[in-house]
Amino acid sequence: MNGPGVVSRQPGGLLAQPTSPGPRVAVARPDYSQAPQVVFWEVTRACALKCLHCRAQAQPRRHPDELTTEEGCRLLEALASFDPAPIVILTGGDPFLRRDLFQLLSYAMGLGLRVSLSPSATKLVTREALHQLRTLGISRLSLSLDGSTAAIHDAFRGVPGSFQRTQECIADALDVGLGLQVNTTVSRYNREDLPAIAQRLATFPKMALWDLFFLVPTGRAQRADVISAEAHEEVYGWLYSLRPELPFQIKTTLGQSYRRVVLQRDLKAGNDLQESRAAVVRTATNDGKGVCFISHLGTVYPSGFLPVPCGDVRRQSITDVYRHSPVFQALRDPERLKGKCGHCPFRDVCGGCRARAYAYTGDYLEAEPCCIFEPSPPSLGL
């Protein structure tokens with residue numbers, strides 16, 4: 001892809017500021033100890049697609065022990081009790097395979113929750129269904145686009161015609177007045193295609209957000225499909241340079257190091273760091289830190305990509321699990337981070353991808369394996 005060159009791994013390289021063990025990047029951070037910013041509820045694992053990277057290892061049919069409608073409504077009530085209440089994203093699998101989907105959405109909206117939906121682009125996403133979402137008050141729909149062409153996208157999604165159906169769903173969603181978020185999973189299959197994807201997205205009117213998910217080898221995803229640490233850095237630098245050219249916002253998921261790159265590049269460019277820090281901190285969440293995931297069976301995880309069970313909403317309060325689970329508490333404590341993440345000056349706003357650390361090492365507190373930044377070692381006090 002056409003983008004900035006790879007920076008040095010050595011301290012003092014192009015982007016290696018600050019590297020001293022002095023004061024860390026100071027920002028006024030939200031307190032995620034009491035309430036998450038966003039909760040993902042996997043309402044089903046059933047899905048008609050066969051994606052290569054599927055975190056959920058989705059199946060053709062719904063599981064008989066999925067949370068029932070009544071249990072789902074109780075869960076939504078519990079989520080509404082957080083202060084402040086989180087954004088709730090209904091995901092899957094494919095949420096449209098639940099017959100009670102609109103009942104759940106209506107109940108959530110009645111509780112005052114901010115709700116988004118992340119369906120699979122199938123024939124179930126009809127124009128009538130999208131219009132019904134808009135009537136309920138759903139403001140944004142997120143759809144996945146993993147290639148600028150059918151050859152790339154369909155190979156990734158495992159179903160011929162998926163690319164064309166995605167284009168149709170996007171057109172219908174925009175036409176009925178829904179805001180559009182497009183998710184792209186960055187992997188070795190589409191790294192070089194990212195500029196072409198960006199150009200295609202720029203043609204969509206009312207496009208709100210491009211969320212780039214950096215692959216974590218869990219579920220069906222393989223480590224061989226993850227791009228290198230150097231390639232991660234190159235993509236982050238390219239995204240930073242691309243931002244002024246696009247009519248929509250860019251966000252990274254499972255790519256926490258992008259926040260470091262933004263601050264480093266703004267510092268190097270002489271930009272207003274207070275404004276940069278404020279922008280970065282708005283997305284400074286991480287697995288278990290402002291993020292919570294609830295499976296189709298009610299199991300609570302720090303995220304959908306960090307498969308460490310921490311509770312069960314059928315037997316426990318979601319508020320208690322989020323606030324008091326030892327795993328969640330450890331993930332929210334930067335002092336617990338190990339390796340170079342533990343003494344990185346950007347650890348409070350980045351923290352590395354905890355899910356990727358777990359996938360590579362079996363320890364969710366270990367250093368991010370796909371980050372090239374090398375902070376100065378901590379002082380030994382000698």
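**Cavities, helix packing and backbone features of the predicted model**

The largest cavity is lined by 14 residues, and those that lie nearest its centre are Cys-341, Cys-344, Cys-350, Gly-352 and Cys-371. The structure described here is a predicted model, and the space that lies in its largest cavity comes to about 110 Å³. Two helices, α8 (257–269) and α12 (339–342), each supply at least two residues of the lining of this largest cavity. When the residues of that lining are divided by class, seven are nonpolar, three are polar and four are charged.

The second largest cavity has a volume of about 90 Å³. Its lining is made up of 13 residues, of which Lys-289, Leu-331, Leu-337, Arg-347 and Gly-351 are the closest to its centre. In the lining of the second largest cavity there are four nonpolar and two polar residues, together with seven charged ones. Counting cavities of 30 Å³ or more, the model contains four.

Turning to the packing of helices, helix α1 (residues 69–80) packs with helix α2 (residues 101–110) at an angle of about 25°, and the axes of the two helices are 10 Å apart. Angles under 35 degrees count as roughly parallel, and α1 and α2 are therefore described as roughly parallel to each other. The crossing that α1 and α2 form is right-handed. On the side of α1, the contact is made by Thr-69, Gly-72, Cys-73, Leu-76 and Glu-77, while α2 contributes Gln-103, Leu-104, Tyr-107 and Ala-108. Taken by class, the residues in the contact of α1 with α2 comprise five nonpolar, three polar and one charged.

Helix α2 also packs with helix α3 (residues 127–136), here at an angle of about 15° and with the axes 10 Å apart. Because of this angle, α2 is roughly parallel to α3. The crossing in which α2 passes α3 is right-handed. In this second contact, Phe-102, Leu-105, Ser-106 and Met-109 of α2 meet Ala-129, Gln-132, Leu-133 and Leu-136 of α3. The contact of α2 with α3 includes six nonpolar and two polar residues, and no charged residues are found in it.

Several features of the backbone were also noted in loops of the model. A cis peptide bond, with omega of about 0°, joins Asp-83 and Pro-84, and Pro-84 itself lies in the loop between α1 and β2 (87–91). Another cis peptide bond runs from Gly-92 to Gly-93, where omega is near 25°, and Gly-93 is placed in the loop between β2 and α2. Lys-206 is found in the loop between α6 (194–201) and β6 (207–214).

Notes. Residues numbered from 1 in each chain as written. Predicted model: local features only at pLDDT ≥ 70, side-chain atom pairs only at ≥ 80, totals over all residues. Heavy atoms only, no water. 1 Å grid on protein atoms, 1.4 Å probe; cavity = no way out; pocket = protein on both sides within 12 Å on 5 of 7 lines; lining within 4 Å. Points joined across faces, edges and corners; volume = space filled by probe spheres on them. Helix = DSSP H or I, 4+ residues; strand = E, 2+ residues; numbered from the N terminus. Nonpolar A, V, L, I, M, F, W, Y, C, P; charged D, E, K, R; others polar. Axes fitted to C-alpha atoms, helices over the stretch in contact; angles between N-to-C directions. Parallel < 35°, antiparallel > 145°, perpendicular 65-115°, else oblique. Left-handed = near helix turned anticlockwise from the far one by under 90°. Contact = heavy atoms within 4.5 Å.
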